[in-house]
Amino acid sequence: MYYKKAEEQIKKIIERSSNVLQNVVDFLCNNFNRYTWVGIYIFQGSNLVLGPWKGPNATEHTRIPIGKGVCGSAAKTGKTEVVDDVLSDNRYLACFVSTKSEIVVPIKKEGKIVGEIDIDSDKIGAFTIKDKIFLEKIADMLSEHI
Ligand code: SME
């Protein structure tokens with residue numbers, strides 16, 4: 001699916017649905033084949049706590065301390081993390097044996113991190129600069145819904 005079209009559809013989901021986070025997660029997972037597992041972590045205290053997710057399997061990492069793993073690194077710096085090859089990144093906390101690459105996009109409200117979009121892909125180097133720009137827009141759109 002084209003990013004622009006996806007962005008428009010996500011805007012509609014956000015305007016119309018009552019279960020915004022789960023519906024956006026479902027939309028991303030259903031419409032982008034290389035997005036194998038999509039989840040939203042919510043910032044709580046000094047941890048990230050797993051909220052809505054969609055994918056083939058549940059993850060054991062439902063609570064990640066800030067600073068730990070790729071997710072915790074993005075929470076610490078406030079910057080999007082793109083990992084083309086998870087096995088070559090020693091911060092990586094493994095969830096699924098099939099995962100090859102990952103993107104983590106912070107969701108900010110008034111400059112503070114309130115959550116993250118975390119996407120795992122079974123393809124190596126699945127996330128391009130276009131995915132990064134697209135998902136950062138979606139993260140902005142979600143900030144009022146966390
Ligand atoms: N791989 C993540 C943990 C979350 S799972 O991918 C769902 C990390 O390194 O923080």
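The legends below describe close-up views of the ligand site in a predicted model.

**View 1. The shell around the ligand.** The ligand is surrounded by 13 residues. Val 70, Cys 71, Leu 93, Cys 95 and Glu 102 are the closest of them. By class, the shell holds 8 nonpolar, 2 polar and 3 charged residues.

**View 2. Secondary structure elements that supply the shell.** Three elements each give at least two residues to the shell around the ligand: strand S1 (37–44), helix H3 (69–77) and strand S6 (112–121). Helix H3 provides the largest share of this shell, with 3 residues.

View 3. A polar backbone atom of Cys 71 lies 2.8 Å from an oxygen atom of the ligand. For Val 70, the distance from a polar backbone atom to an oxygen atom of the ligand is 3.0 Å. Asp 120 takes part through its side chain, with a polar atom 3.1 Å from an oxygen atom of the ligand. On its own the ligand has 310 Å² of accessible area, and the protein covers 100% of this area.

View 4. The ligand takes up the space of the largest cavity. This largest cavity contains about 90 Å³ of space.

**View 5. Residues that line the largest cavity.** The lining consists of Tyr 41, His 61, Ile 64, Gly 69, Val 70, Cys 71, Tyr 92, Leu 93, Cys 95, Glu 102, Asp 118 and Asp 120. Sorted by class, these lining residues are 7 nonpolar, 2 polar and 3 charged.

View 6. Val 70 and Cys 71 belong to the cavity lining and are among the residues closest to the ligand. Asp 120 is another lining residue, and its side chain places a polar atom 3.1 Å from an oxygen atom of the ligand.

Key. Residues numbered from 1 in each chain as written. Predicted model: local features only at pLDDT ≥ 70, side-chain atom pairs only at ≥ 80, totals over all residues. Heavy atoms only, no water. Near = heavy atom within 4 Å. Polar contact = N/O pair within 3.5 Å; in protein donor to acceptor, adjacent residues only side chain to side chain. Areas by Shrake-Rupley, 256 points an atom, 1.4 Å probe, with all protein chains shown as cover. 1 Å grid on protein atoms, 1.4 Å probe; cavity = no way out; pocket = protein on both sides within 12 Å on 5 of 7 lines; lining within 4 Å. Sits in = over half its atoms within 2 Å of the grid points. Helix = DSSP H or I, 4+ residues; strand = E, 2+ residues; numbered from the N terminus. Nonpolar A, V, L, I, M, F, W, Y, C, P; charged D, E, K, R; others polar. Points joined across faces, edges and corners; volume = space filled by probe spheres on them.
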